[in-house]
Amino acid sequence: MQMMSQRGLTNLSATRTQPRRGTFALEPIDALPRLSERISALAERALEPNPFFLPAFLEPAIAALGKKSLRLAIFSDRDDLHFFAPVVVNGGQVLGGRKSTVWAHPYAPLGTPLIDRQLAPLVTDALIQHMRTSGRTIFSIPHLPLKGPAAEALRAAAGRDGFWTVAERQMRPILSPDQVGGVGEFEKMVSQKRRHDLDRQLRRLCEAGAVSFMWARTASEIESAFNMFLALEAAGWKGRRGTALARRKGVQDFARAAVTRMAQSGNATVDVLRLGENPVAALIRLEQGGMSIPWKVAFNEEFAAFSPGKQLMCDETRRWLADPKIERVDPVCEEDNPLMAPLWPEREPYGTLLLSSRRWGLGARMRAGMVDLKRAGKAKAKALLRRRKRPAKAAPKAAKTSQR
């Protein structure tokens with residue numbers, strides 16, 4: 001299945017000979033305000049959208065989480081911007097070459113760069129050439145949808161004049177509303193037993209009080225709904241673990257600023273499931289260019305028996321399936337996510353794409369191997385931790401002896 005189908009229809013090869021002259025550059029992060037309008041314009045004509053790279057999200061993220069080695073990778077000519085991604089640059093030799101890595105962090109696990117779809121082959125060829133002339137021979141893109149047109153264009157450029165490989169492959173759950181039969185598809189996606197369980201839980205929740213949904217879009221609504229989300233998340237397991245947004249002021253301020261600014265341009269919404277006047281689940285959605293990202297979800301654990309988080313996500317799924325403007329829903333989660341994996345059967349490959357300007361790509365190969373070894377080690381440690389947390393099985397009772 002071609003991801004973001006309308007974008008994938010462009011004949012990329014037809015633009016390779018266009019006589020445009022442009023240059024790649026690594027700008028300092030304080031250039032972001034100057035480039036903001038051009039980045040937003042590029043996002044509207046990019047091969048694939050990435051809401052995390054919109055200035056409204058990126059600027060507060062950099063302020064809260066940015067690194068000293070962070071730069072803004074751009075390709076531009078006198079007329080416009082044709083490539084954009086925040087990148088972390090490495091100054092030393094790393095496994096056969098200096099490298100740059102698209103900046104993806106736990107609050108933005110999607111590395112798709114913004115590439116002008118009308119000039120994709122020209123831009124990606126120029127990226128490989130820039131890697132060669134700058135000495136940064138490895139360009140790493142984590143959390144990339146490997147079936148998408150951006151990955152296709154990047155692989156093609158590396159295949160023409162360099163080398164590419166992939167690390168950290170996984171099959172993530174996604175939803176493609178434009179590829180299925182509308183809202184009725186939900187009945188096919190979810191098993192009859194699961195639907196009966198969810199319906200029963202929803203009836204029980206309705207018996208406890210009036211159930212309603214609230215979709216916050218205006219500034220005052222966003223502020224109120226965001227505070228509801230913070231309270232729900234802080235009171236749950238993320239609060240106990242210390243990973244809730246409210247546990248770190250810098251992270252909370254970044255998230256609040258990003259959601260508020262994204263909402264001002266229609267790119268963010270906070271949805272709340274309420275019981276009476278009390279919120280029992282909340283979801284923050286980011287949307288841009290036909291893509292919707294269910295970014296953060298939280299629920300009141302006192303109502304866990306009614307699965308309020310799943311109820312909210314099921315309602316959202318039905319609306320995504322019925323919305324002609326939504327082409328793709330990407331929860332940017334791991335493949336075994338306990339909320340999304342059982343709900344959506346569709347899977348697509350994601351991974352870290354490593355580009356090399358060297359024909360044999362030995363440095364890229366070695367780095368891919370190390371990344372995969374590190375991931376395998378983490379997975380093994382995670383599995384071991386889960387086994388340790390499982391309650392021990394009760395010992396079987398001894399057979400009674402005869403008392404005759």
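The conversation below sets values against definitions.

Guide: This is a predicted model, in which local features need pLDDT of at least 70 and side-chain atom pairs count only at pLDDT 80 or more, while totals for chains, interfaces and linings use all residues. Residues are numbered from 1 along each chain as its sequence is written, and side-chain values use heavy atoms, with hydrogens and water left out.

Visitor: Which residues of α7 are buried, and what makes them line one face?

Guide: A residue is buried under 20% relative accessible area, exposed over 50%, and partly exposed in between, with a 1.4 Å probe and protein chains only. In α7 the buried residues are Arg195, Leu198, Gln201 and Leu205. Seen down the axis of α7, these buried residues fall within an arc of 130°, so they line one face of the helix. The arc is taken from the directions that lead from the helix axis to the C-beta atoms. In general, an α-helix has 3.6 residues a turn, so residues three or four places apart point the same way. On the other side of α7, the exposed residues are Gln192, Lys193, Arg203 and Glu207.

Visitor: Against what do the buried residues of α7 pack?

Guide: They pack against α6 (185-189), β8 (211-216), β9 (268-275) and α11 (308-322). Contact means heavy atoms within 4.5 Å.

Visitor: How are His143 and Ser307 classified, buried or partly exposed?

Guide: His143 has a relative accessible area of 25%, so His143 is partly exposed. Ser307, at 13%, counts as buried. His143 lies in strand β6 (residues 138-145), whereas Ser307 lies in the loop between β11 (291-299) and α11. Although His143 is not a glycine, its phi is positive, about 50°. Ser307 is likewise not a glycine and has a positive phi of about 50°.

Visitor: What makes Tyr107 and Phe254 an aromatic pair, and why is the pair called edge-to-face?

Guide: Rings of Phe, Tyr and Trp (its six-membered ring) pair if their centres lie within 6.5 Å; planes under 30 degrees apart count as stacked, over 60 as edge-to-face and the rest as tilted. By this rule there are 11 aromatic pairs. For Tyr107 and Phe254, the centres are 5.9 Å apart and the planes stand at 70°, and the pair is edge-to-face. Tyr107 is in the loop between β4 (99-102) and β5 (114-115) and Phe254 is in helix α10 (residues 249-264), so the pair links parts of the chain 147 residues apart. Both residues are buried. Together with Phe52, Phe57 and Trp295, Tyr107 and Phe254 form one aromatic cluster.

Visitor: How do you know that a charge sits over the ring of Trp164?

Guide: The rule asks that NZ of Lys or CZ of Arg be within 6 Å of the ring centre and within 35 degrees of the ring normal. The charged end of Arg155 sits over the ring of Trp164, 5.6 Å from its centre. Likewise, the charged end of Lys296 sits over the ring of Trp295, at 5.8 Å.

Visitor: Why are β8 and β12 said to stand at the edges of their sheet?

Guide: Two strands pair if DSSP finds at least two bridges between them. In the order β8-β9-β10-β11-β12, 5 strands form an open sheet with mixed pairing. β8 and β12 (328-329) each have a single partner strand, so one side of each is left without a neighbour in the sheet. The parallel strands β11 and β12 are joined by 2 bridges, while 8 bridges join β10 (residues 278-288) to β11, and these strands run antiparallel.

How values were computed: Helices (H or I, at least four residues) and strands (E, at least two) are DSSP runs, numbered from the N terminus.
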